[in-house]
Amino acid sequence: MTAIQFCTDWQDGEGIEGDELSSTFASLRVDVRGEPLTHVIDNRAQTTRDSIFVPLYPVAEWLAANWWFVKYESENPRKTADPAFNRRHSWGTATDGYALPDLTIATSGSRTHLTWRRTSASWPKIEFLSEGHATVDREQFMQDCADFIDKVIRRLIAHGIESTFLQDEWTAIQTADEEESGFCSLSAGLGWDPYDLDEAMRRHVVTLADQLGPLSSEAVHAIDASALLNDCSAILAAIEDARPNELRLPSLPLMTRGGFNEKTPWSVGYDLARRARSEFGLDGQPVQNTEQLAEALGQSVETLQRATGPVAPLERLALVDGVVTRGAGGGASFGLKTRRQISQRFLFCRALAEAISGHGDALVTRGNTERQQCNRAFAAEFLAPSTSLGKKISTPVVDEEQVDDLAEEFGVSPWVISHQIENHQIARVA
C-alpha cells in the first residue's frame, strides 16, 4: 500500500523554457490515503479538478536535494521557528514559478508526518482546497518518492538529457553505503546538508558519532549544531555527574519497550506505563506527590530527591532536559534539570521510562522523535492514569476549571490532564 501516490500524465511542454522543464511537463495528481492534495479550483476556467499542470523536474529535484532531511531530520521547538528548517521540509518551496500544494513533510523515526493546508497561487489563479494531516510509514513514503524520482529521470534520459543536478544527486544517494548513510543521517539530523559540508563540519559529525555513540541518533535532534562540540561535552559531563545518583529498583524487572513499527510511540508509552504501574502495585491510583512516587518506587523521599537532583552541565543545553545512565552498582542513575515540583515529577517519569526499557545511556529531550513521544506518554499515563480520569469525568465536554481541578487532584499540570482526556477520547476539552 502506498504512503503517497504520484499520478502523472505527460503533456506537451512546447514553449516552456529549459529542457528539464519542458520535457517533464505533466498533469500531476498527488494522493494521500485517497485524498487528492492537488484538488484545486481554477479561477480562470471556473472549474475544479484533482490535478495540476507543472514540470515534474523541480518536484523531483526538491525531493532529491532534501532527501536526507525528509528522511532523518525531526522537529524540535527551535527548528519549527527556523525558516531554513521550513524550506527543507516544505514542498511548496519547489515551485520554480509553478504552484504546488502547501505540504510539510517531517519525520519522527519510523513514521513520516504529512500536513497540507489550503492555499492560493495568484499567478496561475488556482486555489488548493484540501487540508489535512496523515502519518505514514517512513520507508514506504521514501520508496514512493524514489519511484517518482526514477520516473522523472527516465523521462529526462528519453529526451537525451544527462548530468542534471537531479541525476547527479540521485546517483550519490543511491550509491551511498551503510557507513555513508549513517554519516548523512547524523548530518541531516543536525540540519546540515551532507553533500555541502566543509572539512571542519565533517570532522564535527564524525566527532559526534565517536563521542556519543548510540546516543548520537537522539542527540542530533536536540543539540545546537552551531555549538556541537560544546553540547557533546555537556552531555558527556552530565552523564558522568549523574552516575552517583543511583536508584535501585529491585522490584521492577527490565521491560522491553519494543519497536515503533507496529504501534504508535504513544501507545507503546501507555502500555509500558500500565505494566510499570502493575509491577509497582499502584492499582489505578494516581501518583499525586513526591511522597507517593517515592513509596511506589520503594524509596524514601530523601533517596528519591537525591537520585533526581539536578546536574549542572544540563543547564548548558537548551533542549536536553535529562540523562539516564547506570551507576556503579548497576542501578539506574538520573541527571535532570531543575524544575518546579510538578514538572520535576513528570520529567523524572520520562527518565524512568528510559531506565526501565533500555540497557544503555539515554537522553530526555524536547525533540519530537518517537522515543521522546513514548516517554512523554509514559509519564502522563504513569502519573494520571486514563482509567482513573475516566471515572472522574461524566460529561462529554470538560471546561478549563474542571481541567485545573483534576490537575490539582492528580498532581500534574493542566496540560497533562488535557492531553490525557483528549488522547484517550474520554471527553472533549473546551
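Start with the largest cavity: select Ile4, Phe6, Leu63, Trp91, Leu103, Ile105, Phe141 and Cys145, which line this space. A cavity is a set of points on a 1 Å grid over the protein atoms alone where a 1.4 Å probe fits but cannot get out, and lining residues have an atom within 4 Å of a point. Strand 7 (102-107) and helix 5 (138-158) each give two or more residues to the lining. Helices (H or I, at least four residues) and strands (E, at least two) are DSSP runs, numbered from the N terminus. The lining has 8 nonpolar, no polar and no charged residues. Its space is about 40 Å³.

This is a predicted model, where local features need pLDDT of at least 70, side-chain atom pairs count only at pLDDT 80 or more, and totals for chains, interfaces and linings use all residues. Residues are numbered from 1 along each chain as its sequence is written, and side-chain values use heavy atoms, with hydrogens and water left out.

Next, select helix 2 (residues 57-65) and helix 6 (residues 165-174). They pack at about 35°, with axes 9 Å apart. Axes are lines fitted to C-alpha atoms over the stretch in contact, and angles run from 0 to 180 degrees between N-to-C directions. Show Tyr57, Ala60, Glu61, Ala64 and Ala65 of helix 2 against Phe165, Leu166, Glu169 and Ile173 of helix 6. Contact means heavy atoms within 4.5 Å.

Now move to the open sheet, where 4 strands run in the order 12-14-13-15 with antiparallel pairing. Strands pair if DSSP finds at least two bridges between them. Strand 12 (246-247) and strand 15 (362-365) are at the edges, each with a single partner strand, so one side of each lacks a neighbour in the sheet.

Note on methods. On a 1 Å grid over the protein atoms alone, a cavity is a set of points where a 1.4 Å probe fits but cannot get out, and a pocket is an open set with protein on both sides within 12 Å along at least five of seven lines; lining residues have an atom within 4 Å of a point. Grid points are joined across faces, edges and corners, and a volume is the space filled by probe spheres set on the points. Ala, Val, Leu, Ile, Met, Phe, Trp, Tyr, Cys and Pro count as nonpolar, Asp, Glu, Lys and Arg as charged, and the others, Gly among them, as polar.
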